[in-house]
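Let's take a friendly walk through a protein model, a few spots at a time. Have a look at the structure below, then read on.

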Amino acid sequence: MRTPLPHGSWPTPITSELVVRTAARLGEVMVDGDEVWWSEARPDEGGRSVIVRRSADGTVADALPAPWNARTRVHEYGGGAWTVSDGTLWFTEFSDQRLYRLDPGAGSPVPVTPEPELPSGVRYADLTVVPEGVLAVRETHTASGAAADVVNETVRVGPDGATEVLVSGPDFVSDPRPAPDGVTLAWLQWDHPEMPWDAAQLLVRAADGSHHVLAGGPGEAVVQPEWGADLALWWLSDRTDVWSLYRKRPHAEPELVLDVGTDIAGPQWQFGQSRYALLGDGRAVVAYPRDGLDRLAVLEADGAVRELDLPYAAYAQLRAHGTAVVCVAGGPDAEPVVLQVDVDGGEAQVLRPARDLGLDPAWFSRPEQVTFPTEDRGTGIGVAHALVYPPTNPEATAPEGSLPPLLVVVHGGPTSAATPVLALGVQYWTSRGFCVADVDYRGSTGYGRRYREALQGRWGVVDLDDVVACARFLADAGRVDPDRLAIRGGSAGGYTTLATLAMRPGVFTAGASHYGVADLAALAAETHKFESRYLDGLVAPWPEGADVYADRSPITHVDTLDTPLAVFQGEEDAVVPPSQAEAIVAALRDKGVPHAYLLFPGEQHGFRKAANIRAALDGELSFYAQVWGFDLPSEEGIAPIAVVRG
């Protein structure tokens, strides 16, 4: 017999300590001969990005000893920080952003590039091994610190550090991919004010130095180019609204080879993404979404598509390994693993298992995909989507007639998307009696370019409409308590959180902003190069549209901001500087609105250290408990967050 307890106070084994215990965020995967390598970011090692090697005999060991940290700051979001060939590891070390090399049998990495004049002033990403060394995207910063003075180029770096510039001039470059002939080069480039998901071009340069645009440009974004062994060049383009797979064979016209009606790819926030892999026999293995879940399929040489029957719902980092594919895979009741799948026999082998949580799956809330109506606002789209996780706890129940509080989660980007993969950061809430709605507001990826572009010029309008519509939809359906609706988000999701509370008052009764934007004009003036013109499309050209920036900024509307709010911020955040958080906190203090503020030293954009992840989770829970008046499970010993009430 379960004793009824108020929602929010249910005892649960899914504590903040479990969330970070032996946790590791899996990153890129590489295949080197018979070995498989991958990276994992470990909160219990201060967020260090470790490179792990699985040898042919199944032995798994860290290839990069502490304190080395393979993480790049190019574009501030990084990715593509390492690569491997014939056992030699090339990587960017986070502390100084220099390129290093670790040879087989060597005890310690050696620097390849010289120490920059400015700390972290020269950065490298998107590494690819070539006979002469590595190709890389190089990002050079100057003493001015101005985003306009940052230079991005494609370079070739030799083992002795000798560097040759291959592509220079565009505002941004990525994906330098050498062809198997050793002379032809493909790459992506784009210019301000476009982002790579707006208008990235695919270029090809021949041996004589001549080059041409093969695909992409205004109204079309290309991502993830790859060469086949037969000199066919493959890529993903959204020219048909959704990101679909294309190919150009030698002496032939480009052709569309796979359109599944949904986005195969996602936005290029980080380097090194891969949603397909080319096998040596001309076939491709592709991951794509359908009915809210990813499928892994083989694109046969004759164009037939054969889906593989696997118990996973999301796939990333696809790499060919003979007639197999290696990838990162996860599902609603499974944290991500490194998986190898024989595409002919169908056998799947977990190379890097998820951690053993020691939990019965009955503790896990499984998401339901929900579509709900919202205001059109001239977009031609009157619906939005969410993954809704109901309260789930096999050992607790609520008093009869009570409804759970709702936590609306607003993802970042704002081009990101909700994914149906087990995340203890969600289960932390659902196992305590919360309902969680992970909203794919208009602007999210996965529903085509038209859905994504519905946010253009409307950030701070339609996203607010959609999160409010989701909360009201669930409350009107009798699924959640209309008096206990909370909204939370990080980065761009933090902006939507703050803007909703300030400009759509009266819906939510609590909120939490994690490194969110309070002042759009300050963001446009202060942020890093990659996003320095992003708001031109989302809001209005800057500074011509200064009045629009003021109208859409939460800090402008503090007169209507009366909702209790918790704010969490990294002290070294270069994407959304701490001044943004401090501006909103000062306004809350001046108004006497209940609030809490935690500033984490040593953290950048997103929290990577175990202690800080725990403090943010438990602090947010404690904040809601104080605002809504429920008790926390005593056995967890959660210290109440300091709430300022005046």
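## Asp263 and its surroundings

Leaving aside neighbours within four places in sequence, Asp263 is in contact (heavy atoms within 4.5 Å) with Asp241, Val242, Trp243, Arg275, Pro289, Thr445, Gly446, Tyr447, Gly448 and Arg452. This is a predicted model, where local features need pLDDT of at least 70 and side-chain atom pairs count only at pLDDT 80 or more, while totals for chains, interfaces and linings use all residues. Residues are numbered from 1 along each chain as its sequence is written, and side-chain values use heavy atoms, with hydrogens and water left out.

Where is Asp263 found? Look in the loop between strand E20 (255-258) and strand E21 (276-278); helices (H or I, at least four residues) and strands (E, at least two) are DSSP runs, numbered from the N terminus. Asp263 counts as buried because its relative accessibility is 2%; buried means under 20% relative accessible area, exposed over 50%, and partly exposed in between, with a 1.4 Å probe and protein chains only. The Asp263 side chain reaches the backbone nitrogen of Trp243 at 2.9 Å and the backbone nitrogen of Gly448 at 3.0 Å. Tyr288 is 25 residues from Asp263 along the chain, and their C-alpha atoms are separated by 7.0 Å.

One of the contacts, Asp241, sits in the loop between strand E18 (233-237) and strand E19 (244-248). Asp241 has a positive phi, near 95°, in a residue other than glycine, and with a relative accessible area of 30% it is partly exposed.

## Two helices that cross

Two packed helices are described by the angle between their axes and the distance between the axes. The axes of helix H5 (residues 462-476) and helix H6 (residues 492-503) come within 10 Å and cross at roughly 80°. That makes H5 roughly perpendicular to H6, a label for angles of 65 to 115 degrees, whereas those under 35 count as roughly parallel, over 145 as roughly antiparallel and the rest as oblique. Axes here are lines fitted to C-alpha atoms, for helices over the stretch in contact, and angles run from 0 to 180 degrees between N-to-C directions.

Which residues of H5 and H6 meet? Asp463, Leu464, Val467 and Val468 in H5 meet Tyr495, Thr496, Ala499, Thr500 and Met503 in H6.

## Aromatic pairs

How many aromatic pairs does a search of the whole structure find? There are 28, where rings of Phe, Tyr and Trp (its six-membered ring) pair if their centres lie within 6.5 Å; planes under 30 degrees apart count as stacked, over 60 as edge-to-face and the rest as tilted. Phe434 and Trp628 form a tilted pair, with 6.3 Å centre to centre and 40° between the planes. Phe434 lies in the loop between helix H3 (424-430) and strand E32 (435-440) and Trp628 in helix H11 (residues 610-628), so the pair ties together parts that are 194 residues apart in sequence. Both Phe434 and Trp628 are buried.

Trp459 and Tyr495 make another tilted pair, at 4.3 Å centre to centre and 50° between the planes. Trp459 is in the loop between helix H4 (449-453) and H5, and Tyr495 is in helix H6, so this pair ties together parts 36 residues apart in sequence. Trp459 counts as buried at 3% relative accessibility, and Tyr495 does too at 0%.

Terms used. A polar contact is a pair of N or O atoms within 3.5 Å; within protein, one must be able to donate a hydrogen and the other to accept it, and residues adjacent in sequence count only if both atoms are side-chain atoms.
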